[in-house]
Amino acid sequence: MIVNYDNYLLRIALYFFTPIQIPNSILDFKTIMTSLNNIALVIIFSTLVVHIVLNTKYFKKAFFMIFEGKKKQVQKIGLLIFFFSFWIILSNTTGNYGISMRQKETIMFIIFFYLIYINSNILFLKKNDKNV
């Protein structure tokens, strides 16, 4: 299947999860490990996003709970702006898979930080909603 990588939105979406490769030989350890790493990232990301989608009525409140209070509010907003701006910039300027693999590992934890934080807030809201 040929994918047109000239689409900017597609590059943004695929930046963290490619290349998932089919190894040429079963002995190619590096390719297998790279593919397993990307598959694990896709599974974790998908699990977190599906949980958020299934609980959409709590999403808005859970998202804004991240920024409640004065403690480290500026840092959390700044980290979110930094993440989205660098995600767009890096995904559209990086053409080499090796470089994108190294770059994505350094900022992937930010998206997981927010997804896990939102999911924990959703669980907290669901627990308190049932207790009322």
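This is a predicted model: local features need pLDDT of at least 70, side-chain atom pairs count only at pLDDT 80 or more; totals for chains, interfaces and linings use all residues.
Which residues in α4 are buried? They are K76, L80, F83, W87, L90, S91 and N92.

**Overall make-up**

The protein has five helices and zero strands. Along the sequence, the pattern therefore reads α-α-α-α-α. Of the 132 residues in the protein, 33% are buried. The accessible surface is about 9,200 Å², and carbon and sulfur atoms account for 70% of that area. Contacts between residues at least 6 apart in sequence can also be sorted by separation: 76% of them join residues at least 24 apart.

**Helix α4**

Helix α4 covers residues 73-93, which is 21 residues. From its first C-alpha to its last, α4 reaches 30 Å, close to the 30 Å expected at 1.5 Å a residue.

The table lists three of them.

| Residue | Relative accessibility | Class |
|---|---|---|
| F83 | 3% | buried |
| F84 | 41% | partly exposed |
| W87 | 13% | buried |

The cut-off for a buried residue is under 20% relative accessible area. F83 counts as buried because its value is 3%, and W87 counts as buried because its value is 13%. F84, at 41%, is partly exposed.

**Aromatic pairs**

How many aromatic pairs does the count come to? The count comes to nine. One of the pairs is formed by F83 and F84, with 5.3 Å from centre to centre and 65 degrees between the planes, an edge-to-face arrangement. F83 also pairs with W87: the ring centres are 5.3 Å apart and the planes stand at 35 degrees, so this pair is tilted. F83 and W87 are four residues apart in helix α4, so about one helical turn separates them. Elsewhere in the chain, ring pairs link F59, F63, F64 and F67 into a cluster.

Is L79 buried, exposed or partly exposed? L79 counts as partly exposed because its relative accessibility is 29%. Leaving aside residues up to four places away in sequence, L79 touches I110, F113 and Y114. L79 and I110 are 31 residues apart along the chain, and their C-alpha atoms are separated by 7.8 Å.

**F17 and its contacts**

F17 is found in the loop between α1 (8-14) and α2. With 16% relative accessibility, F17 counts as buried. Not counting residues up to four places away in sequence, F17 touches N38, L41, V42, F45, K104 and M108. The C-alpha atoms of F17 and I39 are separated by 7.6 Å, although the two residues are 22 residues apart along the chain.

**A nonpolar surface patch**

Together, F29, M33, L36, I39 and I43 make a nonpolar surface patch of about 490 Å². M33, one of these residues, is found in helix α2, which covers residues 29-54. Why does M33 count as partly exposed? Its relative accessible area is 40%, and partly exposed residues are those between the 20% limit for buried and the 50% limit for exposed.

Note on methods:
Residues are numbered from 1 along each chain as its sequence is written. Side-chain values use heavy atoms; hydrogens and water are left out. Helices (H or I, at least four residues) and strands (E, at least two) are DSSP runs, numbered from the N terminus. The expected span of a helix is 1.5 Å times one less than its number of residues. Buried means under 20% relative accessible area, exposed over 50%, partly exposed in between (1.4 Å probe, protein chains only). Rings of Phe, Tyr and Trp (its six-membered ring) pair if their centres lie within 6.5 Å; planes under 30 degrees apart count as stacked, over 60 as edge-to-face and the rest as tilted. Contact means heavy atoms within 4.5 Å. Patches are made of residues with over 30% relative accessible area and no salt bridge: like charges are joined within 9 Å, nonpolar side chains (Val, Leu, Ile, Met, Phe, Trp, Tyr) within 5 Å. Accessible areas come from the Shrake-Rupley method with a 1.4 Å probe; for residues, only the protein chains shown count as cover. A salt bridge is a side-chain nitrogen of Lys or Arg within 4 Å of a carboxyl oxygen of Asp or Glu.
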